[in-house]
Amino acid sequence: MDSRTLRNLMRIVQTGSLSAAAEHSCLTVQALAAQLNKVEEQFGFRLFRRSNKGLTLTPQGTELTPYIDKVLLATRQMEEKVEALKVPGQRTLKVALNNTLSPDFNRRMIGRLIEVFPDYQMEFSYAESMENLSKLKNEDFDLAVLIGPQRPGLPSIVLPDVQVQVVGAHCGQENDPLTLLGNKFQVRPAEDCPYSHSFLRFLDAGLGNHENGQRMVYSCSETLTLSLITQMDAVGMVSREAAQKNGLTIFPGFEDFLEVRLAVNNPELSHQALNDVVDLPLHERAERNVRSRPHRHTEKEVFAEIRT
């Protein structure tokens, strides 16, 4: 079973539709259905329930999905490492941007880094905080944008006036009673996830603890959490922007604000240069695109590789 097949399975999880997943995978519905049937035959159990409304995860599929997500993460990290090893010895600054934040924020961050570090070849990637943390620890990334409090043993600088607002979200109606919400399946952030403490405060604020017999699954990805909330009619914690974008109902009376910080894994980078990076008001919209700025070093090209 290759990583492409696993990616196709995750597209089915995210869309709940064979036709939509097939379109994103550039496959016919018949070809994707054959892939799914073959995988389920290899596993020995169904991953999805079929109905006229689409596909929803079975209990076995729900338990297996986080492991598929981890395999795809490891595969992506390996592919990035292979690419990095092809050109040894170059002075490259590897930066992990955060896709929880807005495209405008990331675009301005890219422009600021290119401006502050003109002598480096820049390599950018986009991921959520958990994957970015892994890149700092395991892939020798120099900088990463993380959400949440300071990590022990990892120097970082808080980005001023930049926060992520997190909320409890579900697929029901805004006036659903607390007892109904309390009985829903819970998608809980994994312990190291930046939303984990916010989720506990969310429970205390309205739903209570509901530990006994509570149906729950742990997620270390906001993308996966959004999919599970929709597929399983669950309650989970996501950013307000993500909840609104995906048409979810936001639990009233609770919100939490998390810091955004630039974590540093390269002692050669000067403190002054890093302060120059965060001094730019990154929460405001730029007047022009980074790519349209004239380059002040005409004899040296700054190469920026952006991966998604």
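Two strands count as paired here if DSSP finds at least two bridges between them. Keep in mind for every view that this is a predicted model.

**View 1. Strand 9 sits between two pairing partners, strand 6 and strand 7**. Take strand 7 (residues 186–189) to begin with: two bridges join this strand to strand 9, and the two run parallel.

**View 2. Helix 1 packs against helix 3**. Helix 1 covers residues 3–15 and helix 3 covers residues 29–43. Their axes lie 10 Å apart and meet at an angle of about 105°. Anything from 65 to 115 degrees counts as roughly perpendicular, so that is how helix 1 and helix 3 are set relative to each other. On the helix 1 side, the contact is made by T5, N8, L9 and I12. Helix 3 brings L32, Q35, L36 and V39 to the contact. Sorted by class, that gives five nonpolar residues, three polar ones and no charged ones.

**View 3. Helix 5 is mostly covered**. Helix 5 runs over residues 103–116, 14 residues in total. From its first C-alpha to its last, helix 5 reaches 20 Å, close to the 20 Å expected at 1.5 Å a residue. How many of its 14 residues are buried? Twelve are, among them F105, M109, I110, L113, I114 and V116. The buried set also includes D104, R107, R108 and R112, and N106 and G111 belong to it as well.

**View 4. L133 is a buried residue of helix 6**. Helix 6 covers residues 129–138, and L133 is found in it. Is L133 buried or exposed? Buried means under 20% relative accessible area, and L133 has 8%, so it is buried. Leaving aside neighbours within four places in sequence, L133 is in contact with L146, R151 and L154. For L133 and L154, the separation is 21 residues in sequence and 9.7 Å in space, C-alpha to C-alpha.

Note on methods
Residues numbered from 1 in each chain as written. Predicted model: local features only at pLDDT ≥ 70, side-chain atom pairs only at ≥ 80, totals over all residues. Heavy atoms only, no water. Helix = DSSP H or I, 4+ residues; strand = E, 2+ residues; numbered from the N terminus. Expected span 1.5 Å × (residues − 1). Buried < 20%, exposed > 50% of the residue type's maximum accessible area, 1.4 Å probe, protein only. Contact = heavy atoms within 4.5 Å. Axes fitted to C-alpha atoms, helices over the stretch in contact; angles between N-to-C directions. Parallel < 35°, antiparallel > 145°, perpendicular 65-115°, else oblique. Nonpolar A, V, L, I, M, F, W, Y, C, P; charged D, E, K, R; others polar.
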